[in-house]
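Thanks for coming. I will go through one model today, from a few local backbone points up to the contact between the chains. Please have the viewer open.

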Amino acid sequence: MTPPVEPSADEILRFAGVSMRYGRGPEVLSDVSLSLPRGSFHFVTGPSGAGKSSLLKLIYLAARPSSGQVRLFGEDIDAMAARDLPRIRRRIGVVFQDLLLLDHLSAFDNTALPLRIAGHKPAEYRNDVAELLTWVGLGQRMNALPPTLAGGEKQRLAIARAVVNRPEILLADEPTGNVDHEMALRIYRLFVELNRLGTTVIIATHDQDLVARSARPVLHLDKGRLRPMPPQGPLAEPGE
Amino acid sequence: MSEPFDPSRWRPASFLPDEDARDPALLFVVAVLCFLACLTGLGVIAGTRAANGWASQLTGEATVIVRARGGETPDAAAARAAEALAAVPGVTEARALEKEKAYALIKPWLGDVADLDDLPVPRLVAVGLDDKKPATAATLGAALKGHGLDAVVDDHSVWIKDIRHAAGVVSWTAATLLLLIAGAAAAVVAYATRAGLAARRDVVEVLHLTGAEDAQIANLFELRFARVAALAGAAGAAAAALLGAVLRLIGGGQGITPALPIAWIDLLAVLPCPLLAALVAAVAARVTARRLIQKL
């Protein structure tokens, strides 16, 4: 059994003995306990089926644990009513594994979506969205529909949407899975930059090379359990 | 080459795609349902007016059949009966009908008889009754008996009862039909909402995970389907009103037939249809959408 994790003052996320299963299926996460400080940067690694995406789903509130306790921003998620969950979700940015871009909306509309949902007026965020899209390298593609974008562009658009609301936690599920090495490094640098601005970043990835070279802490999952993972390779920050 | 994107001129796009392949089909089905509902409504109005007209005509009248006694001629007996009846309180008019009218009534049974004057054919007296305090059949009978007349009074009460009963049956049947049509429209919209949500699951999922309230997502579908239903309701109502107008023009003052008289003002009854259709659609879409979102 994973030893209990002591809460700390700057803790943003805490799992205490969390298990999860889909329906009546087998457990995909078993007795996971962890505590992440605000402003930290973590990778979540592990083989396929280890439970990485399920762990992220619990954090972005797309699923509930079958047992154990999840605390986000100091609040016990299990004790919250369903009507209060949207308020928590708005504090989290997610780059989904399959991106989930809306094909009928332009890059600008896709990016502005979280701000519209939060009830902001277009005049308040128009310039910020344009600036952000320029920052991620999509300044010339603001009016483009996602199906017309290249793989790397889509990935950066999904990142722009995830961070436009200045989330306190940024989750990314295999954000470099479908891009070449150079693009993976550019995306990674984006996350580092956001982390420097204060965002807590959690990235689930298969990219062992990226993880090994980043010198960032790793949450290693194996068969739904957190296991210690010794650092691999030189601890040089990619691109730094 | 396309113009460069200008953020200052940007207007937020709808979260749901403007074009949805299901909308035209839904529009057509709801329009047909609204057309049928409006037509049923117009039929009810015309039927009720006809029934009320007949009942009112029959309520204000009575017919007296007078047979001559002894040496008195049928015409003299009828004249005496009319005079006696005119004096009864609750009678506004009593008029002995021409013998030809009585002959016309019995002609189907006797055929063309050369000289009906040889037969003791009873005469008819038409009696007009006061709308507010009409004389009863018993009062009229007693007055006739008091004047030594052999007569039978028909105050049409049997017919009035039948007409009112028939009008009631028609009204209830039409109301049931209207309810069934409204229910069918709601079911169609609920089905379409479910299909729409399934087809737009990506939108629902993204909005849900990005922090949209359930009500925000349900509102999208509610507005979308309410708009479609209002449009369909307007089309169905316009088609029904057009058909009603054509029937009114063809039938003249009597409308379709004397049995279903349509007045121009009746056509206004279709006006609430778009609003009602939108309301039914909005409620059906809201309930369906919220149920489905809660299962996410």
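**Notes on a two-chain model**

Let me start in chain A, where Asp31(A) sits in strand S2, residues 27-37. Helices and strands here are DSSP runs, numbered from the N terminus: H or I with at least four residues for helices, E with at least two for strands. Asp31(A) has a positive phi of about 50 degrees, although it is not a glycine. It is partly exposed, with 17 other C-beta atoms within 10 Å. On that scale a residue is buried with 20 or more other C-beta atoms within 10 Å of its own, exposed with 12 or fewer, and partly exposed in between, with C-beta atoms placed from the backbone.

Before going on, the provenance. This is a predicted model, in which local features need pLDDT of at least 70 and side-chain atom pairs count only at pLDDT 80 or more, while totals for chains, interfaces and linings use all residues. Residues are numbered from 1 along each chain as its sequence is written, and chains are lettered from A and ligands numbered from 1 in the order in which they are written. The scores are ipTM 0.86 and pTM 0.71. Chain B averages a pLDDT of 82, with 91% of the residues at 70 or above; pLDDT is the predictor's confidence in each residue, from 0 to 100.

Arg166(A) also has a positive phi of about 50 degrees and is not a glycine. This one lies in the loop between helix H5 (151-163) and strand S7 (169-173) of chain A. Arg166(A) is partly exposed, with 15 other C-beta atoms within 10 Å.

Now chain B. The chain is divided into domain 1 (20-55 + 161-294) and domain 2 (61-133), with bounds from an automatic or database domain assignment. Their C-alpha centres lie 53 Å apart.

Leu58(B) is in helix H1 of chain B. Which residues does Leu58(B) contact, leaving aside its neighbours within four places in sequence? They are His156(B), Trp159(B) and Ile160(B), where contact means C-beta atoms, placed from the backbone, within 7 Å. Leu58(B) and Ile160(B) are 102 residues apart in sequence, yet 6.6 Å apart in space, C-alpha to C-alpha.

Next, helix H4 of chain B, residues 137-146, whose buried residues are Leu140(B), Ala143(B) and Leu144(B). Seen down the axis of H4(B), these fall within an arc of 95 degrees, so they line one face of the helix; the arc is that of the directions from the helix axis to the C-beta atoms. They pack against strand S1 (61-67), helix H2 (74-86), strand S3 (123-129) and strand S4 (150-154) of chain B. On the other side of H4(B), Ala138(B), Lys145(B) and Gly146(B) are exposed. Just after the helix, Gly148(B) takes a positive phi of about 65 degrees.

On to the cores. In the largest nonpolar core, of 127 residues, those touching the most other members include Val30(B), Cys34(B) and Ala277(B). Such a core is a set of buried Ala, Val, Leu, Ile, Met, Phe, Trp, Tyr and Cys residues joined through C-beta atoms within 7 Å. Helix H1 of chain B, residues 22-59, gives the most to this core, with 15 residues.

Last, the contact between the chains, which takes 18 residues from chain B and 26 residues from chain A. On the chain B side, helix H6 (residues 201-209) supplies the largest share, six residues.

Terms used
Contact = placed C-beta atoms within 7 Å.
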